[in-house]
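Here's a quick briefing on one protein chain, written for someone meeting structures for the first time. Have a look at the picture, then read on.

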Amino acid sequence: MKTTGFTVPDKWKWFTESRYGMFIHWGPYAQYGRGEQVLFREHLDQSEYAQKACSWNPEHYDPELWADTAKKAGFKYACLTTRHHDGYCLWDSAYTDYSSAKQAPKRDFVREYVDAFRKAGLRVGLYYSWIDWRLPAYFDGPDKDPEGWEKVRTYLHNQVKELLTNYGRIDYFFFDGVWPRNADDLQSVELVEMMRELQPDIMINNRLGYSQVREGYRADGGAGAGDSDTLGDFGTPEHLISVDQNRLWESCQVATWRLWSHVFGERWRPTDYLLDLLIECAEKGGEHGGNLILNVGPMADGQFPPEFVQRAMEIGRWLEVHGEAVYGSDGGSVTEFITRGRQTTRGNNLYLIIRFWDGRPVMRLADLTTPVKSVTLLTTGQDLEFEQNGEELIIKGLPSEPPTKLFPVIRVECESKPIANQWGRERLWEGDPSRVAAWAREQRGTSVFADGIER
């Protein structure tokens, strides 16, 4: 199992304990039902879009219901898009009238969200887009329009300061949409310093742009690179799970096939696929593991799509029984287990999360060297018989039918932290190839013939 080269500060341990967050992409673009970037991707008429945005009035927005759903579904934190790339603000900003507070709703949606989720005991995160498709100076930049660019940058900084000043404690901040600017244009480093003065415990993501001043030369000049190698407290791989060995990370995933906001006719990923994403994040990333932030795009009227609620609640019910294998886990994959499922660890426990239940009463787990104290089918609470012969664990008494529609979990309690032998640490296509040669030589011989004997 790979280890990471950093220590998590106490103030951010809530993040690794949580493992599971809810991303909420919502704004006037939901009226179109074709994704949060419909204005740009379909290069719609800017004025017509603004008129439609200003008349948007979601009559069923109920953040307390959102928070209640999130809590029952097992989410531990949430992040709301306070302003996406279209520039429309979901809060009462003093710097623009293009907002839910100044236009048709006459409501500060961010304040309502923050209050509701904090009341429910969930950690609160805010998303903010650097980019604003309405503002030419953002794209002309400091070289072509220095005066206009300075006004835009000041506007961005002022809005971030506003969000971190007027809404109490904010646990988490997610920037997005740097292109075509970089960190030096945006003065990201200076902004982050100000953010930490306002909110000393805040976590800030890595989409701060590439800084040539701080991070050195890069062939593309860093322009358009949203992710920074060194800036930011956590990495944010999108639509994929990619381990960051140098900091905390979370995989940003959709519950649908592709788009983030509500889309008419979008296809939905099945519940077991979404749960597997969560478990894979927890399994990977060394002793710190990784997080999953799973997206929902509320409908234009403010309601969560029923397809999302159904899947989220199914995962929530699974977590009620099996949550100890995910929340606060220490990473996993102690032994090779891909032929059956995934693994996580927590303290002295090894959790076998079975994706493929074969219906056989006996399971063999190879390469575990730590003595085992007990084995439990966590799904039902049943104690299981076992034998441990050296580095081989034989688990007995498994039912023929899977005890849950989703993934059954077996908890293996060890006398100390679970450790594997060389075969468990080094996997297919990894490690010292001489172990494979010795295995083949000692057990069958050296030749191409069936008996391994040279002719």
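Buried means under 20% relative accessible area, exposed means over 50%, and partly exposed is in between, using a 1.4 Å probe and protein chains only. At 1% relative accessibility, Gly-35 therefore counts as buried. What you're looking at is a predicted model, where local features need pLDDT of at least 70, side-chain atom pairs count only at pLDDT 80 or more, and totals for chains, interfaces and linings use all residues. Residues are numbered from 1 along each chain as its sequence is written, and side-chain values use heavy atoms, with hydrogens and water left out.

- Gly-35 sits in the loop between strand 1 (20-24) and helix 2 (38-41); helices (H or I, at least four residues) and strands (E, at least two) are DSSP runs, numbered from the N terminus.
- Gly-35 and His-262 are 227 residues apart along the chain, yet their C-alpha atoms are separated by 6.3 Å.
- Leaving aside neighbours within four places in sequence, Gly-35 is in contact (heavy atoms within 4.5 Å) with Tyr-29, Leu-259, Ser-261, His-262 and Val-263.
- Asp-132 is in the loop between strand 3 (123-129) and helix 6 (136-144), and at 1% relative accessibility it counts as buried too.
- Once neighbours within four places in sequence are set aside, the contacts of Asp-132 are Arg-83, His-85, Asp-86, Gly-87, Phe-139 and Tyr-155.
- From Asp-132 to Lys-119 it's 13 residues in sequence and 32 Å in space, C-alpha to C-alpha.

**The nonpolar cores**

- In soluble globular proteins, nonpolar side chains tend to be buried together.
- A nonpolar core here is a set of buried Ala, Val, Leu, Ile, Met, Phe, Trp, Tyr and Cys residues joined through side-chain atoms within 4.5 Å.
- Which members of the largest nonpolar core touch the most other members? They are Tyr-113, Phe-117, Phe-173 and Phe-175, out of 91 residues in that core.
- Helix 7 (residues 146-165) supplies the largest share of this core, seven residues.
- Another core, of 20 residues, lies apart from the largest one, and Leu-365, Leu-377, Val-412 and Ala-420 are among its members.
- Looking past its neighbours within four places in sequence, Tyr-113 is in contact with Ile-24, Tyr-61, Pro-63, Ala-78, Cys-79, Leu-80, Val-124, Gly-125 and Leu-126.

**Helices that pack together**

- Two packed helices are described by the angle between their axes and the distance between the axes.
- Axes are lines fitted to C-alpha atoms, for helices over the stretch in contact, and angles run from 0 to 180 degrees between N-to-C directions.
- Helix 7 packs with helix 9 (residues 188-198) at an angle of about 15°, and their axes are 10 Å apart.
- That makes helix 7 roughly parallel to helix 9, because angles under 35 degrees count as roughly parallel, over 145 as roughly antiparallel, 65 to 115 as roughly perpendicular and the rest as oblique.
- On the helix 7 side, the contact is made by His-157, Val-160, Lys-161, Leu-164 and Thr-165, and on the helix 9 side by Leu-191, Met-194, Met-195 and Leu-198.
- Sorted by class, this contact of helix 7 with helix 9 has six nonpolar, two polar and one charged residues; Ala, Val, Leu, Ile, Met, Phe, Trp, Tyr, Cys and Pro count as nonpolar, Asp, Glu, Lys and Arg as charged, and the others, Gly among them, as polar.
- The axes of helix 4 (residues 63-72) and helix 5 (residues 109-119) come within 8 Å and cross at roughly 35°.
- Pro-63, Glu-64, Trp-66, Ala-67 and Ala-70 of helix 4 meet Glu-112, Tyr-113, Ala-116, Phe-117 and Lys-119 of helix 5.
- The contact of helix 4 with helix 5 has seven nonpolar, no polar and three charged residues.

- Most residues other than glycine have a negative phi, and most peptide bonds are trans.
- The peptide bond from Trp-179 to Pro-180 is cis, with omega near 0°, and Pro-180 is in the loop between strand 4 (172-176) and helix 8 (183-186).
- His-239 isn't a glycine, but its phi is positive, about 65°; at 29% relative accessibility, His-239 counts as partly exposed.
- Trp-429 has a positive phi as well, near 70°, and this residue is exposed, with a relative accessible area of 80%.
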